[in-house]
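Me: I'd like to go through a model with you, one question at a time. Could you keep the cut-offs in view as we go?

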Amino acid sequence: MEKNIKIILSVLFLLCLAEMPYGFYELVRYLALVGFVYLVVMANKKGNEKEFYIFIALAVLFQPVLKISLGRNLWNLVDIGVAGWLLYSVFVGAKAKDN
């Protein structure tokens, strides 16, 4: 389930790079908040303190209530960075943990 959430969030963040209606970005904020809160809970259960704090920070960054205004270009960089890190944690990070 965690892998699926990370992949879905990554796809949504990359879709934010395209010109979309404003409602799409709002939906992404809500979905990101829900997804990151779930990942916070799972990281806490696993005792992964590093991911726990990273996911809390990302939940705060993407939350839709008190919006953080970064501007389009900076948000694009954030979206790419977060999507890249999430995909890395799914495909490369999981293999590194197995070894």
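Reply: Happy to. Contact means heavy atoms within 4.5 Å. This is a predicted model, where local features need pLDDT of at least 70, side-chain atom pairs count only at pLDDT 80 or more, and totals for chains, interfaces and linings use all residues. Residues are numbered from 1 along each chain as its sequence is written, and side-chain values use heavy atoms, with hydrogens and water left out.

Me: Leaving aside neighbours within four places in sequence, which residues is Phe 55 in contact with?
Reply: Neighbours within four places in sequence are set aside for this list. What remains in contact with Phe 55 is Lys 6, Phe 36, Leu 39, Val 40, Ala 43, Trp 85 and Leu 86.

Me: What is the angle between the planes of Phe 13 and Phe 36?
Reply: A pair of aromatic rings is described by the distance of the centres and the angle of the planes. Rings of Phe, Tyr and Trp (its six-membered ring) pair if their centres lie within 6.5 Å; planes under 30 degrees apart count as stacked, over 60 as edge-to-face and the rest as tilted. The structure holds eight aromatic pairs. Phe 13 and Phe 36 make a stacked one, with 6.1 Å centre to centre and an angle of 20 degrees.

Me: Where in the chain are Phe 13 and Phe 36, and how many residues apart?
Reply: This pair links distant parts of the chain. Phe 13 belongs to helix α1 and Phe 36 to helix α2, and the separation is 23 residues.

Me: Is Phe 13 buried or exposed?
Reply: Buried means under 20% relative accessible area, exposed over 50%, and partly exposed in between (1.4 Å probe, protein chains only). The relative accessibility of Phe 13 is 0%, so Phe 13 counts as buried.

Me: Why is the pair of Phe 62 and Trp 75 tilted?
Reply: The ring centres of Phe 62 and Trp 75 are 5.4 Å apart. The pair is tilted because the planes stand at 50 degrees.

Me: Which residues do ring pairs link into a cluster?
Reply: Phe 62 is buried at 3% relative accessibility, and Trp 75 is buried at 14%. Both belong to the cluster that ring pairs build, whose residues are Phe 13, Phe 36, Phe 55, Phe 62, Trp 75 and Trp 85.

Me: How far apart are the closest N and O atoms of Glu 2 and Lys 46?
Reply: A salt bridge is a side-chain nitrogen of Lys or Arg within 4 Å of a carboxyl oxygen of Asp or Glu, and the structure holds three. Glu 2 in helix α1 and Lys 46 in helix α2 are 44 residues apart. Glu 2 is buried at 17%, whereas Lys 46 is exposed at 58%. The closest N and O atoms of their salt bridge lie at 3.0 Å.

Me: What is the N to O distance between Lys 67 and Glu 26?
Reply: Lys 67 is partly exposed at 41% relative accessibility, and Glu 26 is buried at 16%. Their side chains meet in a salt bridge, with an N to O distance of 2.6 Å.

Me: Which side chain has a polar contact with that of Ser 89?
Reply: Ser 89 sits in helix α4 (residues 72-91) and is buried at 13%. A polar contact is a pair of N or O atoms within 3.5 Å; within protein, one must be able to donate a hydrogen and the other to accept it, and residues adjacent in sequence count only if both atoms are side-chain atoms. At 3.3 Å, the partner side chain is that of Lys 6.

Me: What separates the C-alpha atoms of Asp 79 and Phe 13?
Reply: Asp 79 lies in helix α4 and is buried at 5%. Along the chain, Asp 79 and Phe 13 are 66 residues apart, yet their C-alpha atoms are separated by 5.1 Å.

Technical notes. Helices (H or I, at least four residues) and strands (E, at least two) are DSSP runs, numbered from the N terminus.
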